Amino acid sequence: MSNFWNTRTKNITPYIPGEQPKDRQFIKLNTNENPYPPSPKVIKAIQDAANGNLRLYPDPECTDLRKAIAARYNVKPEQVFASNSSDEVLAFAFGAFFETINSIDSAASAQNLPILFPDITYSFYPVYANLWNIPFRTIPLLKDFSIYTAEYKIESGGVVFPNPNAPTGIALTLDEILSLAEYLYKQEKVLIVDEAYIAFGSSSAIPYIEKYPNMLVVHTLSKAASLAGLRVGFAIGSEKLIEGLCRIRDSFNSYTLDRLALAGAQAAIEDAEYYNEINGRVIATRERVKKSLEELGFEVLPSSANFLFIKSPKKSGADFFVQLREQGILARHFKNERIVDYLRVSIGTNEEMDKFIDVCKIITMKN
């Protein structure tokens, strides 16, 4: 705490990212990175872009990248927004579409309607809400940890959730999402669908943005495109939603993506064949590991993501986390009371997951 901090800085509780070890080799299954390298075309594109043009500012509108995304998803470039990671896209979206307390618009502020998101979900959402001074309310997941969209059909300031959800990995059906989008459209509120893990087994809502101009779909290249180190994300929605994001972006920093990131991201978007193959391998490994863990007595939630959410048959979540770490394996442990005995385990290579299963066998045999 510092006397030089303003009230906002003193009151926020920042997001805590997963551990990135610096002084020891681990099998890293804690941050949902793709275990396979990016497309060779991505590496070549970045190498080619590392030239004298780095002295020049990048394209602030990310034109070529947005055109590539538009072609990939059969939308117009004007319906695409690209930025420095999906986290930044989400931060801009909270600022663009959800009302703050003491808003300039006194009528909107007087209603003080909270936005809605699950009680167990991506832990950056409450951080963004607090940063922007947006009131929020969490809706408890059902007993099986699924999202019940009917509970979101109430008066609110808007809704945001991941599909599949994180850290559970459980996906909603498109019918559930579109029914909620329809309800919120009638309320003139925005639905943000965070599809960070959509490539690993569930259906995207992107084809329905024309029908629901209040629905913003957010993607990242960190997981499905093996580019966590490049930090590129994008959103697809109606032109008016995209214009709102641009207004917020250009009030912070118009040049959100550098030349190397633009080149690498475009190459990744254009090489769907490569990524469909490696992500198919991740899915196959996930299902194999799920079966092996269940045979050991673990509770494993159904997952449509590149991770599994698991509970040891004998150990608390904290003890299981520590014992895995002692064996050189990092997983993610959360302190939320409802999930304190669960760990989120990213899917690594087959060799890494074989080691993980072997360690799980050893741990479960201990008293």
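User: Which residues form the aromatic cluster here?

Analyst: Keep in mind that this is a predicted model. The cluster is made of Tyr15, Phe94, Phe98, Phe117, Tyr122, Phe124, Tyr125, Tyr128 and Phe136. The structure holds 21 aromatic pairs, and rings count as a pair if their centres lie within 6.5 Å.

User: Why is the pair of tyrosine 73 and phenylalanine 234 called tilted?

Analyst: The ring centres are 5.9 Å apart, and the cut-off is 6.5 Å, so they pair. The planes sit at 45 degrees. Stacked needs under 30 degrees and edge-to-face needs over 60, so tilted is what's left.

User: What does that pair tie together?

Analyst: Tyrosine 73 belongs to helix α3 (residues 63-73) and phenylalanine 234 to strand β8 (residues 233-236), so the pair joins parts that are 161 residues apart in sequence.

User: Are those two buried or exposed, and how do you know?

Analyst: Buried means under 20% relative accessible area, and exposed means over 50%. Phenylalanine 234 has 2%, so it's buried. Tyrosine 73 has 23%, so it counts as partly exposed.

User: What makes phenylalanine 145 and tyrosine 342 an edge-to-face pair?

Analyst: Their planes are 80 degrees apart, with 5.4 Å from centre to centre. With relative accessible areas of 6% for phenylalanine 145 and 5% for tyrosine 342, both fall under the 20% limit and count as buried.

User: How do you know that arginine 281 lies over the face of tyrosine 36?

Analyst: Arginine 281 is at 4.0 Å from the ring centre, and the limit is 6 Å, along with an angle within 35 degrees of the ring normal. Arginine 344 lies over the face of phenylalanine 307 too, at 5.8 Å from the ring centre.

User: Why is aspartate 87 called buried?

Analyst: Its relative accessible area is 18%, and the cut-off is under 20%, so aspartate 87 makes it. Aspartate 87 is part of helix α4 (residues 85-97). Leaving out residues up to four places away in sequence, aspartate 87 touches Tyr122, Phe124, Tyr128 and Arg231.

User: And what about serine 86: buried or exposed?

Analyst: Buried, because 8% is under the 20% limit. Serine 86 is in helix α4 as well, and, sequence neighbours within four places aside, it contacts Val218, His219, Thr220, Val232 and Gly233.

User: How do you know that the length of α7 agrees with what a helix should span?

Analyst: Helix α7 (residues 174-186) has 13 residues, and at 1.5 Å a residue it should span 18 Å; the end C-alpha atoms are 18 Å apart, so the two agree.

User: Which residues of α7 are buried, and why are they said to be on the same side?

Analyst: Leu174, Ile177, Leu178, Leu180, Ala181 and Leu184 are buried. They cover an arc of only 160 degrees around the axis, so they sit on the same side of α7. Those buried residues pack against β5 (159-162), β6 (191-194) and β7 (215-220). The face turned away from that buried side carries the exposed residues Asp175 and Lys186.

Note on methods
Residues are numbered from 1 along each chain as its sequence is written. This is a predicted model: local features need pLDDT of at least 70, side-chain atom pairs count only at pLDDT 80 or more; totals for chains, interfaces and linings use all residues. Side-chain values use heavy atoms; hydrogens and water are left out. Helices (H or I, at least four residues) and strands (E, at least two) are DSSP runs, numbered from the N terminus. The expected span of a helix is 1.5 Å times one less than its number of residues. Buried means under 20% relative accessible area, exposed over 50%, partly exposed in between (1.4 Å probe, protein chains only). The arc is that of the directions from the helix axis to the C-beta atoms. Contact means heavy atoms within 4.5 Å. Rings of Phe, Tyr and Trp (its six-membered ring) pair if their centres lie within 6.5 Å; planes under 30 degrees apart count as stacked, over 60 as edge-to-face and the rest as tilted.
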